[in-house]
Amino acid sequence: MPRDPRWDILFEPVKIGPVTAPNRFYQVPHASGMTNVLPQVRAAFREVKAEGGWGVVCTGAVSIHPSSDDSPLPAARLWDEHDVRAHALMTEAVHRHGSLAGVELWHGGAATMNRSSRIPPLSPSGVGWMSTHVGFMSNQRARAMNQDDIKAFLGWYRDAAIRAKRAGFDIVYVYAGMGYLLHEFLLPAYNRREDAYGGSVKNRTRLIREALETVKEAVGDTCGVALRISLDELRQRPGTELATEAHEVVAELGDLPDLWDVKLDSSPTDCGSSRFRPEGSHEPVIDFVKSLTSRPVVGVGRFTSPDAMVSQIRRGVLDLIGAARPSIADPFLPRKLDEGREDEIRECIGCNICISSWHDGVPVRCTQNPTIGEEWRRGWHPERYERAGSADRVLVVGAGPAGLDCALTLARRGYEVAIADKAHRAGGRILDEAELPGLNAWRRVLDYRLGALVKLPNAQLYLDSELGADEVLGFGAERVVIATGCDWVPAAYDARMETPGELFQGPGVFTPQDVFAGRPIQGPVAVFDYDNYYMGGCIAERLAAQGLDVTYVTPAGFASAWTIMNNEQPNVHMNLARLGVELITRRSVAAYMPGLLVTEDIFTRAQAELPCASLVVVGHRRPRSALYDALVARKGEWAEAGVRSVDRIGDAAAPGALVHAVYSGHLYARTLDAPAEALPYRIDNGLPAPAVAAE
Ligand code: ADP
Ligand code: SF4
């Protein structure tokens, strides 16, 4: 199909200094979690985005010197010739598809703890980053930079830029954002200097100017030089000449960078989840930049709607549509728009599982796109599929995220697939969870899969179809996949072993499924959460919004403790406070009887009583395995029924988040009839790296 002419503007080329982006789709720097240790995995991951039509594809943060060392968090580096070769794999891969490759050269300043290099962190004035997040904490405080340090720093930038050029990059970044070194120079909280680098906006901007000039001189003849900058805090500081200090900084640097890449200050604000931040939420902070520079401006906003993208350009907010998450969820987003296939876009749901992968220190994962990070390792392509390895027919029982992804992927491979669900609508857990406060975008997991599945003639969906072992064995499918999901159970919590305990019994005890089913719940209600992800917080919000008196109890130190990993935790706390939910942390529930809840300090065991009409337990889940168990018990009948295999996927195998269910379904479908291998995937040993000619 031809492209809708309304999107033509998105496919115009944009000049960035001496290079030209072929279109306005710009994959901004974002973490891959792959580091230089997995250069082939990384190159394939970035390549698929170039193949999918992103005109510019950038690295994540790339350290310029060992004094910027975030280990064990997975950052890349460009310290020596070996690193040049590692990055050259990526630039060559990106260039194969006509896209530009950008590198985000980075110095972390006081925000990197240099755990591995053991160099005291550098900072403008010796002000350390006093993180309260265990993963980022350190006892090593920052050292104030003197004139020699500043000179050395500029030398590191120059040398890294020259190496970047040798590695084949087209755009080289100076990075002044997210609390890293150059951003610290901009912020008076960090920069308390009294020399030419402190005090006025001009002085605080000086080192950025010098870094830009240094990099331009080193590589500006052939590479575009971009400035990435966080403007949140600066925009809140009134200026002396212009409206705010953000205006003054941009005016001060004006046309010096070839490209402005503008963003917010911290991961939770810059990369907020859809639960708390809508598409395009950066605009109020960055909307003025284009009025103060003639250089192109790129920014993000979790854009998946082409209307929103076009609007950003036509209204003069951005010149290039920046994306990290939308390019992970669908590396082929630009190509699909270009080919008039916008209904096939796999829209990012804004869950931030990708960001949690970085906090976990592993290659990026995505709820919507199970192939991300698996391009090289497993040879998975987001738009291409191995042909079916047999003529087997497959019956998938359960049309939740696992069953749907499994059935869709099998059908795309060419298998004859039937998917049956006892419910009246397909979607499984998504149908309920997308109704929770803020989770509406999660429906996209269902919409994408169902929308694609119903178009395939070799896939049949049967709703209102509860299957037992007799029906399955009589169905006539050679392969059976059980995707029947799991159940929440109201189990107590054993704080000593950190395991689920006995079940709470009796009236007044509920699970999330009871809440979804609309069972009447009386206040005051306690939500006891040791699941630690979104469910407990969302249920508490929902009940409080219904007007109930809600107390949230958790053995963890924070509400929804795991959400520190996906940037949601500050907002979870703010929402619970806004709704008047009382928070009890570091306590377990020792006993419950109608009207009374007994909580217990997880360390001292000191008990306290709380009036409580209802207890909602959000902790343990059990696979719904009745059908699977019944089929296994009748294994002797399989051959006669023509059944070759029965497998479990998703929550029916091991309860998890949506990302696990989707991946599990995808994995089954990709590997059906594949030859057995000793290892489940290829291991990237960092070789072979092609030789790159030294200058
Ligand atoms: P997952 O996250 O693993 O995909 P879900 O809980 O979202 O799991 O989906 C499981 C689906 O399986 C639900 O839609 C449920 O109605 C369906 N289901 C469970 N047992 C049966 C059964 N015996 N026959 C048909 N459908 C079933
Ligand atoms: Fe979007 Fe979630 Fe995928 Fe990240 S993990 S790209 S937020 S769908």
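Author: Ligand 1 takes up the space of the second largest pocket. On a 1 Å grid over the protein atoms alone, a pocket is an open set of points with protein on both sides within 12 Å along at least five of seven lines, and a molecule sits in it if more than half of its atoms lie within 2 Å of its grid points. This is a predicted model, where local features need pLDDT of at least 70, side-chain atom pairs count only at pLDDT 80 or more, and totals for chains, interfaces and linings use all residues. Residues are numbered from 1 along each chain as its sequence is written, chains are lettered from A and ligands numbered from 1 in the order in which they are written, and side-chain values use heavy atoms, with hydrogens and water left out.

Reader: How many residues surround ligand 1?

Author: Count those with a heavy atom within 4 Å of the molecule. Here that gives 21, and the closest are Ala402, Asp421, Arg429, Leu467 and Asp651. The shell divides into eight nonpolar, seven polar and six charged residues.

Reader: Which side chain has an N or O atom 2.6 Å from an oxygen atom of ligand 1?

Author: Look for polar contacts, pairs of N or O atoms within 3.5 Å. That side chain belongs to Asp421. A polar backbone atom of Pro401 is 3.1 Å from a ligand 1 oxygen.

Reader: How many disulfides are there?

Author: A disulfide is a covalent bond between the sulfur atoms of two cysteines. With a cut-off of 2.5 Å between the sulfurs, the count is zero. For Cys223, the nearest cysteine sulfur, that of Cys58, is 12 Å away.

How values were computed
A polar contact is a pair of N or O atoms within 3.5 Å; within protein, one must be able to donate a hydrogen and the other to accept it, and residues adjacent in sequence count only if both atoms are side-chain atoms. On a 1 Å grid over the protein atoms alone, a cavity is a set of points where a 1.4 Å probe fits but cannot get out, and a pocket is an open set with protein on both sides within 12 Å along at least five of seven lines; lining residues have an atom within 4 Å of a point. Ala, Val, Leu, Ile, Met, Phe, Trp, Tyr, Cys and Pro count as nonpolar, Asp, Glu, Lys and Arg as charged, and the others, Gly among them, as polar.
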